[in-house]
Amino acid sequence: MSNNNRTKFVTGPVAIKYSHIVEPDTAFNKSEYKATVVASPELVDQLTQLAASWGTNANFLKQKDGETLVTFKSKFQPKTKVAEGVEPRAKGFAWSNDTVRIAVDAQEYNSPMAGHGISLRLNGVMLLEVAQRAEGEAGPADPFAEFGGTSIDASQLSDSDDSAAAAPVVPEFSGDDMPF
């Protein structure tokens, strides 16, 4: 089995499910940029055919809540581009349900530890459309709207209610006075 198969392509329009495009995901002591998308039927066909032609499985296609998801990853920050007339998000570039195209570098791998498969590297993301959020949907909608009150930005809050907060009292012990 050859380990030299490699191809680059750009997906059709797909919806972002989760993304770490501007800041890497540092969970589990890794530092990865990634985009998980809801795979369109065309993307599923394209990836399935690619896997079949390289003699590997399509284990990168995951099922969750009735959707087919695929994740593209990179150790390096991907290139970003915004379609004409689209305003990018202030934080994170693309959020859940935003429509994007992904520039992919697919490479076959075959190793004793990882087995035989395809690595889907994230090279770039083009934001095509920003999803509109409905009231009550995850996002900027206020979950406390029905209770009234005034919203306060966390940057307006100080570290302490009292600017001259008392220092904590630490008991002094020496030699045989230790409590254990």
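Which residues of the largest nonpolar core touch the most other members?

1. Basis. The model is predicted; local features require pLDDT of at least 70 and side-chain atom pairs pLDDT 80 or more, while totals for chains, interfaces and linings use all residues. Numbering starts from 1 along each chain as its sequence is written, and side-chain values use heavy atoms, with hydrogens and water left out.

2. Nonpolar core. Leu43, Val70, Phe72, Ile102 and Leu120 touch the most other members of the largest nonpolar core, which has 30 residues. Such a core is a set of buried Ala, Val, Leu, Ile, Met, Phe, Trp, Tyr and Cys residues joined through side-chain atoms within 4.5 Å. Two or more residues each come from strand E2 (14-25), E3, helix H1 (41-53), E5, strand E7 (99-111) and strand E8 (115-129). E8 gives the largest share, five residues. In soluble globular proteins, nonpolar side chains tend to be buried together.

3. Phenylalanine 72. Beyond its neighbours within four places in sequence, phenylalanine 72 contacts (heavy atoms within 4.5 Å) Thr11, Tyr33, Lys34, Ala35, Val37, Leu43, Ile102, Val104, Leu120 and Leu122.

4. Chain organisation. The protein chain contains one helix and eight strands, in the order β-β-β-α-β-β-β-β-β. These elements are DSSP runs numbered from the N terminus: helices are H or I with at least four residues, strands E with at least two. Of the contacts with a separation of 6 or more, 68% link residues 24 or more positions apart.

5. Pairing of E5. Strands pair if DSSP finds at least two bridges between them. Strand E5 (residues 67-74) runs antiparallel to strand E3 (residues 32-38), with six bridges; here threonine 36 stands opposite threonine 71. Four bridges connect E5, again in the antiparallel sense, to strand E4 (residues 61-64), where leucine 61 has valine 70 as its bridge partner. E4 and E5 form a hairpin with two residues between them, and aspartate 65 in the turn has a positive phi of about 50°.

6. Threonine 68. This residue of E5 counts as buried because its relative accessibility is 17%; buried means under 20% relative accessible area, exposed over 50%, partly exposed in between (1.4 Å probe, protein chains only). Outside the four-place sequence neighbourhood, the contacts of threonine 68 include Val37, Val44 and Leu61.

7. Burial overall. Buried residues make up 28% of the 180 residues in the protein chain.
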